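Please keep the sequence and the structure in view while reading.

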Amino acid sequence: MSDHPDPLIVVVSGPGGVGKGTIVDRLVERDSRLWLSRSWTTRERRDGESPDAYVFCSAEDFEGRIQASGFLEWTEFLGNYYGTPAPDTSAIGGRDVVLEIELDGARQVKQQFPDAVLIFLLPPSREEQERRLRGRGDPNDKIFARLKKAEAEEPIGREIADHVLTNDDLERTIDEMLAVIENERSRR
Ligand code: 5GP
């Protein structure tokens, strides 16, 4: 038996270039009761990207972990695998869990944990999203594929999310998300 009640699971989803990575980093900085899960991916690390952004691994290693039932959820996104490792409760230490994942994964988590809270983030505009994607140095074809995917996913995200927020001002978005999380905690 654990001393802790079940953690709140906060799923943060939204299109590439919306600022999810920055936002979840800031959430866990601001609220010490939050724990950020680190995903595995077979995508190559981008220039300048932190080596800790993911566990960067080979397709063989990823598939081995799937076989060993080592993922809470996983998916293929634009030709690469991404997955949330099955959580290690001792590392979480009674904190609430934040997952920064795309929509297919978000849906899998909601199926397993109906109480999980899904926050879907929207960019202020397509132009701003494209500008942010270009700022990461991705090649044109990748940027185009991500923009197309974002457009297709937006209505699904709006439908399945518990909260939809537009990231037009980083600090305000973070404040709003912390308020959502606090409110969800108080309802439990
Ligand atoms: P990126 O390549 O831009 O880092 O991530 C691509 C997409 O994969 C983003 O929408 C990101 O949120 C999502 N993603 C990152 N980690 C995971 C994960 O563990 N599972 C799922 N389903 N998606 C993830």
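Is Leu78 buried, partly exposed or exposed? Leu78 is partly exposed, because its relative accessible area is 38%, which falls between the limits of under 20% for buried and over 50% for exposed. The model is a predicted one, and the points below are grouped by topic.

**Two loop residues with positive phi**

- Leu78 is found in the loop between β5 and β6, and its phi is near 45 degrees, a positive value in a residue other than glycine.
- Ser69 also has a positive phi, of about 55 degrees, although it is not a glycine.
- Ser69 has its place in the loop between α2 (59-67) and β5, and with a relative accessible area of 61% it is exposed, since the limit for that class is over 50%.

**The open sheet**

- Four strands form an open sheet in the order β4-β3-β6-β5, and their pairing is mixed.
- The edges of this sheet are β4 (55-56) and β5 (71-77), each of which has a single partner strand, so that one side of each is left without a neighbour in the sheet.
- Strand β3 (residues 40-41) and strand β6 (residues 80-85) run antiparallel and are joined by two bridges, with Thr41 standing opposite Tyr82 in β6.

**The ligand site**

- The ligand is surrounded by 17 residues, of which Ser39, Arg43, Tyr54, Tyr82 and Glu100 are the closest.
- Tyr82, which stands opposite Thr41 in the pairing described above, has an N or O atom in its side chain 2.5 Å from an oxygen atom of the ligand.
- Arg43 has a side-chain N or O atom 2.6 Å from an oxygen atom of the ligand, and a polar side-chain atom of Lys20 lies 2.8 Å from an oxygen atom of the ligand.
- The ligand taken alone exposes 510 Å², and the protein buries 95% of that area.

- Strand β1 is mostly covered, with five of its five residues buried.
- Ile9, Val11 and Ser13 point one way from β1 while Val10 and Val12 point the other way, and all of these residues are buried.
- β1 pairs in the parallel sense with strand β7 (residues 96-100) over four bridges, and in this pairing Val11 stands opposite Leu99 in β7.
- β1 also pairs in the parallel sense with β8, again over four bridges, and the bridge partner of Ser13 in β8 is Phe120.

**Nonpolar cores**

- The largest nonpolar core has 18 residues, and the members that touch the most other members are Val10, Val12, Leu27, Ile119, Leu121 and Met177.
- Two or more residues of this core come from each of the elements β1 (9-13), α1 (20-30), β8 (117-122) and α7, and α7 gives the most, with five residues.
- Met177 touches Val12, Ile23, Leu27, Ile119, Leu121 and Leu165, when residues up to four places away in sequence are not counted.

- Leaving aside residues up to four places away in sequence, Ile174 touches Ile23, Arg26, Leu27 and Arg30.
- The C-alpha atoms of Ile174 and Pro15 are separated by 17 Å, and the two residues are 159 residues apart along the chain.
- Asn167 lies in the loop between β9 (163-166) and α7 (170-186), and it counts as buried because its relative accessibility is 3%.
- The side chain of Asn167 is joined to that of Thr173 by a polar contact of 3.0 Å.
- Beyond residues up to four places away in sequence, Asn167 touches Val18, Gly19, Ile23, Leu122, Pro124, Arg132 and Thr173.
- Ile23 is one of the residues touched by Asn167, and it is also among those touched by Ile174 and by Met177.

Technical notes: Residues are numbered from 1 along each chain as its sequence is written. This is a predicted model: local features need pLDDT of at least 70, side-chain atom pairs count only at pLDDT 80 or more; totals for chains, interfaces and linings use all residues. Side-chain values use heavy atoms; hydrogens and water are left out. Buried means under 20% relative accessible area, exposed over 50%, partly exposed in between (1.4 Å probe, protein chains only). A polar contact is a pair of N or O atoms within 3.5 Å; within protein, one must be able to donate a hydrogen and the other to accept it, and residues adjacent in sequence count only if both atoms are side-chain atoms. Contact means heavy atoms within 4.5 Å. A nonpolar core is a set of buried Ala, Val, Leu, Ile, Met, Phe, Trp, Tyr and Cys residues joined through side-chain atoms within 4.5 Å. A residue is near a molecule or strand if one of its heavy atoms lies within 4 Å of it. Accessible areas come from the Shrake-Rupley method with a 1.4 Å probe; for residues, only the protein chains shown count as cover. Two strands pair if DSSP finds at least two bridges between them.
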